[in-house]
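Subject: Structure for you to look at

Hello,

Here is the structure I promised to pass on. Please open it first, then read my notes below.

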Number of protein chains: 2
Amino acid sequence: MPTQFKGLSAFPITPADPKGRVDTAAVEKLVGRLAAAKVDSIGLLGSTGTYAYLSRAERRRALDAALPVAGDVPVLVGVGALRTDEAVKLAQDAKAAGAAAGLLAAVSYTPLTEDEVYEHFVTVQRESGLPLCIYDNPGTTHFRFTPELVRRLSRHEGIVGVKSPSPEAPGGTAHLAALRAVVPEGFPLGYSGDWNVTEVLIAGGDAWFSVMGGLFPHTALALTRAAQGGDATEARALNARLEPLWALFRELSSLRVMYAAAGILGLTQAEPPRPILPLGESARARVAETLKALNLS
Amino acid sequence: MPTQFKGLSAFPITPADPKGRVDTAAVEKLVGRLAAAKVDSIGLLGSTGTYAYLSRAERRRALDAALPVAGDVPVLVGVGALRTDEAVKLAQDAKAAGAAAGLLAAVSYTPLTEDEVYEHFVTVQRESGLPLCIYDNPGTTHFRFTPELVRRLSRHEGIVGVKSPSPEAPGGTAHLAALRAVVPEGFPLGYSGDWNVTEVLIAGGDAWFSVMGGLFPHTALALTRAAQGGDATEARALNARLEPLWALFRELSSLRVMYAAAGILGLTQAEPPRPILPLGESARARVAETLKALNLS
């Protein structure tokens, strides 16, 4: 199993100016913190990294800034695009920059069929040579991977893992079992959706693709190690403590909360790409209070 | 009421090569057919016109090809983009090229709030000076305009109409009433979704934003004139006759069927942008049979 798909994969924001020009110094700072914390991998240009809103040139600048700072920590890179040919180029760029793998979401405007998504994935993988992780993110793409489509894709050499949205507890065991039954032995099954992930990690999920881990890697690592090390009691206690943060994520979205948090920490004053608006003052004050009360690190 | 939002607005495909380069000769041919048929307006670069998959430069090429051929027929242009600043540039391009109005959808990746969509629309309108029609297309954007948001936007000078998805019969009367109650008098309420549109036109909808009308303007005009002229019996009969086409639209999507139909008519052999795949042989044969049986024009 590729080690980059086990344990904690931390997903930072990608600070950029209002015109979409990436602040490479801020990227270096954010990625450097994650490398120093020894996360298991870094998820650059994920959904939280606003990949969908950045041009190819700017995504390359983010890559070139992040990869040297990441050092030995493998970097997964979001390579999704609406057009297949664009996703191919983005995957080629990620490979050339030294990414360990690509994260490919079924980005769509016209709703896609399963065959179209299959062809899209196989084409991007074949024409780039980059190992790809299936990025199942129905909350943004509105495409949902069935176990049958995951099965087909997992047979393709070069498609090396899947990132699924965490089902609400107690659905994790059943979701894992449904996928394990159809993928090759050892095929990594990772999960996103911070507020639901603990139970699926306890149930045997291989990786946590974590938004909060992008800013608070030590806290996220402690939860990951407890859940994957078999200490379910400790993992659940750590998760319960984080409930005020999860409540903000659910209400305001994890992306908007993380931009506010990065500002509160003094790491970057960048705002999300418009039309996404930064949180207003009162929501931002609630984020600040929550961060203070939870003493995240 | 701006006349461009009354009656039949015909939405052609935008033929392009596999790299996304627009075939301007084919655009001229398709738009020329619509102008000759005297449709009430042309919807260039709508969802069926694959605007989301075309670069700014190619969208400009399509505009420059279409506008002169459209002649006196007003042209509405899709100006949607994921980023607000990009949508502004696209709207500026459309205005410079002579478009009568822009069609702006709430294209999203990160799900947007109502306030974000409001700011997006007002910014694009203000910074371009282009009159904008609200393009409510939850099937592709997964954002749904509430009557309250339509109310707020309809108060903004320069936002001049709305294109809603047709509710299934008999929901048209209620949908129209809900919007009429909140928008200024005379604010045009148009509808898309060919297979449900007849009843909402009979109920008083101002415009049909029509996919089939992009290739078969005479057939679509006959239905529009009957429905809007008060001959509900004739409109329903014409619509019932088209049911085999609507069944294909529902099953295979109107976009994929229209690409196949344009090929069958010998107008263009262009395929949709990948990852969208052209219809397979058997589906294409069913489209050919249906076109032949219905004798569309």
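Two residues are in contact when heavy atoms of theirs lie within 4.5 Å. Keep that in mind for what follows. Also note that this is a predicted model.

Where is Lys38(B) found? Look in the loop between helix H1 (24–36) and strand E2 (41–44) of chain B. Leave aside the neighbours within four places in sequence, and Lys38(B) is in contact with Leu221(B) and Arg225(B). Arg21(B) is 17 residues from Lys38(B) along the chain, and their C-alpha atoms are separated by 28 Å.

Now turn to His120(B). This residue lies in helix H4 of chain B, which covers residues 114–128. Is His120(B) buried or exposed? Its relative accessible area is 2%. The cut-off for buried is under 20%, so His120(B) is buried. Beyond its neighbours within four places in sequence, His120(B) is in contact with Ala81(B), Arg83(B), Thr84(B), Ala87(B), Leu104(B) and Ala105(B), and with Pro275(A) from chain A. Take Leu104(B) from that list. Leu104(B) and His120(B) are 16 residues apart along the chain, with 9.6 Å between their C-alpha atoms.

Next, chain A as a whole. Its secondary structure comes to 13 helices and eight strands. The C-alpha atoms fill a box of roughly 45 × 45 × 35 Å along the principal axes. Why call chain A compact? A compact globule of 297 residues would have a radius of gyration near 19 Å, and chain A has 18 Å, so the two agree. Of its 297 residues, 61% count as buried. Take the contacts in chain A between residues at least 6 apart in sequence: 73% of them join residues at least 24 apart.

The surface and charges of chain A come next. Chain A exposes about 11100 Å², and carbon and sulfur atoms supply 51% of that. There are 29 positive and 30 negative side chains in chain A, and the centres of the two sets lie 3 Å apart.

Last, the core. Nonpolar side chains tend to be buried together in soluble globular proteins. Here the largest nonpolar core has 216 residues. Which of them touch the most other members? They are Phe145(A), Met212(A), Phe145(B) and Met212(B). Leaving aside neighbours within four places in sequence, the contacts of Met212(A) include Leu242(A), Leu245(A), Trp246(A), Phe249(A) and Met258(A). Asp194(A) and Thr219(A) are also among them.

Best wishes

Notes
Residues numbered from 1 in each chain as written. Chains lettered and ligands numbered in written order. Predicted model: local features only at pLDDT ≥ 70, side-chain atom pairs only at ≥ 80, totals over all residues. Heavy atoms only, no water. Helix = DSSP H or I, 4+ residues; strand = E, 2+ residues; numbered from the N terminus. Rg over C-alpha atoms; globule rule 2.2 N^0.38 Å. Buried < 20%, exposed > 50% of the residue type's maximum accessible area, 1.4 Å probe, protein only. Areas by Shrake-Rupley, 256 points an atom, 1.4 Å probe, with all protein chains shown as cover. Lys, Arg positive; Asp, Glu negative; His and termini not counted. Charge placed at Lys NZ, Arg CZ, Asp CG, Glu CD. Core = buried A, V, L, I, M, F, W, Y, C linked by side-chain atoms within 4.5 Å.
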